[in-house]
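Please look over the sequence and structure first.

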Amino acid sequence: MTLKELESYLWGAATYLRGFIDAGDYKQYIFPLLFYKRICDVYDEEYEEALKESDGDVEYASFDENHRFKVPEVAHWNKIREITVNVGAAISKALNEIERVNAQQLQGIFGDADWTNKERLSDEMLCQLIEHFSSKNLNIKNVPNDELGNAYEFLIKKFADDSGHTAAEFYTNRTVVRLMSLIADPHEHDSIYDPTCGSGGLLLNCAMMLKEQGKEYRTLRLYGQEINLITSGIARMNMLLHGFEEFNIVRGNTLSNPVFIEYDELQRFDIVLANPPYSIKSWDQVAFTNDPFGRNIWGTPPQGCADYAFQQHIMKSLKPDTGRCVVLWPHGILFRDAEKEMRRKMIESDCVDCVIGLGANLFYNSPMEACLLICRMQKPKERKGKILFINAVDEVRRDKTISMLEEKHIQKIFTAYKKYENVEGFARVVSNEDILANNATLNISQYVSKLAVQNNTSKRDLSEMLEDWSSSRLTLHQELEGLLNL
């Protein structure tokens, strides 16, 4: 199959659920079925190859050693396809059996969807869904890992587009992910960690970037923690469908129960990439005040906003020599009064390398502007005592209700970061002393004036101005339609 055929095939499965299930819940049914079908088709492919090797020895072809995953006959896709009554119960039983016999690799990977609720999933609907998936063979010969992985990422984005407010829980804008990966600069053998990993896109992008560079990407050690059971399963499926096996993604609450521990302390990593849930209120502030892992290095955040709890967890998870992090936040983390003292201590520790202001609508279903906070445990000598501010709020392409960074935007921002020097109206290097004297604010607009950029508006390329005008007009039209429909 071509990639477009594969994408159409996968998205076609979701259409069977329209009108019966909320778009935000598609993922808990479609992803497990896709992964289940892939496992069974690859098992059959391996079985046929083993038969050829052994001149038709059926017993040899069934040996576990010839298969990546075990698929008992009673739990095979073809058995489920024969069932027309109580189909949901049969699917649930088969998925549980696959997990049981592959406990070390697949335990809990299919999530906890309620397959037996016939009010949501009738036998007829499930039979149609199974027949749709059965129309294509998803073995490796027909659909290589890279192609299936890319199509899976396409499906994740489509579900994010459809599900609106729930999208941020499992999907980070992939154009921002690319920028974050470039800045993090992963090397072979690096350990990379995402404490709120969602569908695993930040981790995977680092590996894929190394692969594109012709480097040995399989030497990376990938770690992730995700609080949502379904989303953590999606992340594990994402890794496996891309052909990665050396990873460790675990379900759990990072703040209350961090799972990556060494010698009773937080495990430390070369790189931490994260898009944490922002401004959450339901967290255990009291426990963090006396945190057994010493994560409150700058203090305890207010109950109404756990952003600096995540940021301090990230800092405690960095190796003291090579550790570096790139974290996507809303701009409030840069200047809120309630966090001023923690921010002051962060600046005084000289770990902040750069602050990048990004444009609006890069968070799903939210118009707020985003920023990247980049920290290093050991800054280069020429960067010590300084912080680079990049005002890239205009480096964005607006597309309906979600924005994205084009490659020209990414390269402009990344080049400014690498050069680490003043660029009028775009970037400025400021000393820690000046920032501390300015009430310890990291508010980008106070250090990088957009006035110079505004004065040069007339010099912009006409096609770029027309594109911006067209995008703004479309957005306004959609917003007016929404108001009229209220």
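## Lining of the largest cavity

Helix H2 gives the most to the lining of the largest cavity, with 4 residues. H2 spans 27-53, and helix H11 spans 229-241. Each of these two helices supplies at least two lining residues. The model is predicted.

The lining takes in Phe35, Arg38, Ile39 and Val42. Arg68, Phe69, Ile140 and Asn145 also line the cavity, along with Leu240 and Leu241. By class, the lining has 7 nonpolar residues, 1 polar and 2 charged.

## Cavity count and volume

How many cavities of 30 Å³ or more does the structure hold? There are 4. Rolling a probe the size of a water molecule over the atoms shows where empty space is left.

## H2 against H5

H2 also packs on helix H5, residues 87-101. The two axes come within 12 Å. They cross at roughly 60 degrees, which makes H2 oblique to H5. The crossing of H2 past H5 is left-handed.

On the H2 side, the contact uses Pro32, Leu33, Tyr36 and Ile39. H5 answers with Ile91, Ala94, Leu95 and Ile98. What classes of residue make up this contact of H2 with H5? It has 8 nonpolar residues, with no polar and no charged ones.

## H2 against H7

Helix H7 covers residues 123-134. H2 and H7 pack at an angle of about 45 degrees. Their axes are 11 Å apart. H2 and H7 are therefore oblique to each other. H2 passes H7 in a right-handed crossing, whereas H2 passes H5 in a left-handed one.

Ile30, Leu33, Leu34 and Lys37 form the H2 side of the contact. Leu129, Phe133 and Ser134 form the H7 side. The classes here are 5 nonpolar, 1 polar and 1 charged.

## H9 against H10

Another helix pair is H9, residues 174-184, and H10, residues 201-212. Their axes come within 9 Å and cross at roughly 60 degrees. H9 and H10 are therefore oblique to each other. How is the crossing handed, left or right? H9 passes H10 in a right-handed crossing.

H9 contributes Arg174, Val177, Arg178, Met180, Ser181 and Leu182 to the contact. H10 contributes Gly201, Leu202, Asn205, Cys206 and Met209. By class, the contact divides into 6 nonpolar, 3 polar and 2 charged residues.

Conventions: Residues are numbered from 1 along each chain as its sequence is written. This is a predicted model: local features need pLDDT of at least 70, side-chain atom pairs count only at pLDDT 80 or more; totals for chains, interfaces and linings use all residues. Side-chain values use heavy atoms; hydrogens and water are left out. On a 1 Å grid over the protein atoms alone, a cavity is a set of points where a 1.4 Å probe fits but cannot get out, and a pocket is an open set with protein on both sides within 12 Å along at least five of seven lines; lining residues have an atom within 4 Å of a point. Grid points are joined across faces, edges and corners, and a volume is the space filled by probe spheres set on the points. Ala, Val, Leu, Ile, Met, Phe, Trp, Tyr, Cys and Pro count as nonpolar, Asp, Glu, Lys and Arg as charged, and the others, Gly among them, as polar. Axes are lines fitted to C-alpha atoms, for helices over the stretch in contact, and angles run from 0 to 180 degrees between N-to-C directions. Angles under 35 degrees count as roughly parallel, over 145 as roughly antiparallel, 65 to 115 as roughly perpendicular and the rest as oblique. A crossing is left-handed if the near helix is turned anticlockwise from the far one by less than a right angle, and right-handed if clockwise. Contact means heavy atoms within 4.5 Å.
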